[in-house]
Every structure is written in C-alpha cells, then in structure tokens.
Amino acid sequence: IVGMIINFAPQMLVELDLAAWRVVEPEALAVALPALAEQLEPEELTQLQAIQLAGSGASPEPAPLPESWVQMAGEAGFDLESTADINPEAMAALSGAAPQLLDELDTTTLLSFEPEVLASLPEAYVTGLDEKLQETLLIIVVRASQVAEEEVTPGEAPLIEPAQIGRASCR
C-alpha cells in the first residue's frame with residue numbers, strides 16, 4: 001500500500017507526522033523512508049531509520065564512541081572504540097561510575113547502540129532526553145522485543161522487556 005501511495009499520491013506521505021510514522025510497520029517504513037528523506041529533519045530521519053532497523057531485526061551501524069569514553073575505558077584496561085563494544089553490563093558500569101558520560105552522546109551515537117543496551121540506560125538519563133527521542137527509544141526496544149519473541153522457542157523468555165528501558169540499576 002505504501003508503495004502505491006509513493007507512486008500515485010506522494011503528497012499523502014507528508015501529511016503524516018513523525019508520531020504516525022513511528023508506529024508504521026517496519027516493512028512499510030522501509031519502503032517510505034527514501035521518499036521521506038528530503039521532507040524530514042535529519043534527526044527525525046535518523047530516528048525512523050533506527051526504528052525500522054529494530055523492527056526488522058537488523059543491528060544498527062556501529063558509531064564511534066566519544067573520546068572521553070575511549071579514554072576512561074582505556075584507563076580501566078578496556079578497549080572500547082564503538083557502540084558495538086558496549087553491552088548492557090558495560091553501559092550500566094559506565095553510567096554508574098560516570099553518569100556525566102551519557103551527556104556526551106548525540107542522537108546518532110545513541111541510536112547506534114543495540115536495543116538491549118538502550119534498554120539498560122538509566123531512567124534519570126532517559127527522562128532527561130527530548131520527549132520524541134524518549135518515544136523513539138521505547139519503540140526501538142519494543143520492536144526489538146517483538147522480533148526477539150518471534151525468534152524465541154516456547155517456554156523461553158524474550159531477550160528484552162520493554163519495561164526495562166530507563167529502569168536499569170546503576171550500581
């Protein structure tokens with residue numbers, strides 16, 4: 001259907017706001033994103049791309065970590081370079097030891113973490129983010145959880161619980 005709209009009535013695409021695009025099925029969003037690219041702000045496009053990736057089960061493209069993260073990890077004997085090097089436990093340790101490091105993450109870097117890492121972000125940090133970005137993070141975690149549930153055999157627990165986002169312990 002989205003493909004038909006793109007071909008026959010592309011002006012209809014701009015009538016949907018960002019909130020509506022966030023809940024579009026990943027397959028339809030993948031078709032619409034190229035047509036929306038010029039009409040959206042770069043940050044909005046980045047958020048929709050991250051939602052689409054999570055909903056399709058794909059991993060985000062790793063992004064370089066801020067230099068302060070790399071230095072702090074190096075001082076502790078760890079070699080961290082990109083968002084792919086951070087797992088939920090590492091995020092909890094870093095944000096617990098130096099929560100100010102989270103303030104150095106821009107939207108692109110933040111959305112480059114795996115959904116399970118996003119789910120481990122401290123609640124105080126998440127609630128301090130822009131409301132649209134908070135919503136995007138929640139949708140990413142929920143979509144990834146849905147994909148994980150589809151891959152879970154009966155009797156196993158899903159990999160990510162949507163309620164986990166922003167509620168991780170930072171001991």
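Me: What volume does the largest cavity have?
Reply: The largest cavity has a volume of about 60 Å³. A cavity here is a set of points on a 1 Å grid over the protein atoms alone where a 1.4 Å probe fits but cannot get out; the volume is the space filled by probe spheres set on the points, joined across faces, edges and corners. This is a predicted model, in which local features need pLDDT of at least 70, side-chain atom pairs count only at pLDDT 80 or more, and totals for chains, interfaces and linings use all residues. Residues are numbered from 1 along each chain as its sequence is written, and side-chain values use heavy atoms, with hydrogens and water left out.

Me: How many cavities of 30 Å³ or more does the structure hold?
Reply: The structure holds one.

Me: Which residues line the largest cavity?
Reply: The lining, meaning residues with an atom within 4 Å of a point, consists of A50, L53, A54, A58, P60, L111, F113, P115, L118 and I140.

Me: And which helix gives the largest share of that lining?
Reply: Helix 4 does, with three residues. Helix 4 spans 42-56, and both helix 4 and helix 8 (115-118) supply at least two lining residues each. Helices are DSSP runs (H or I, at least four residues), numbered from the N terminus.

Me: Turning to the whole chain, how many helices and strands are there?
Reply: The protein chain has 10 helices and zero strands (a strand being a DSSP run of E, at least two residues).

Me: What part of the chain is buried?
Reply: Buried residues, those under 20% relative accessible area with a 1.4 Å probe and protein chains only, make up 42% of the 171 residues.

Conventions. On a 1 Å grid over the protein atoms alone, a cavity is a set of points where a 1.4 Å probe fits but cannot get out, and a pocket is an open set with protein on both sides within 12 Å along at least five of seven lines; lining residues have an atom within 4 Å of a point. Buried means under 20% relative accessible area, exposed over 50%, partly exposed in between (1.4 Å probe, protein chains only).
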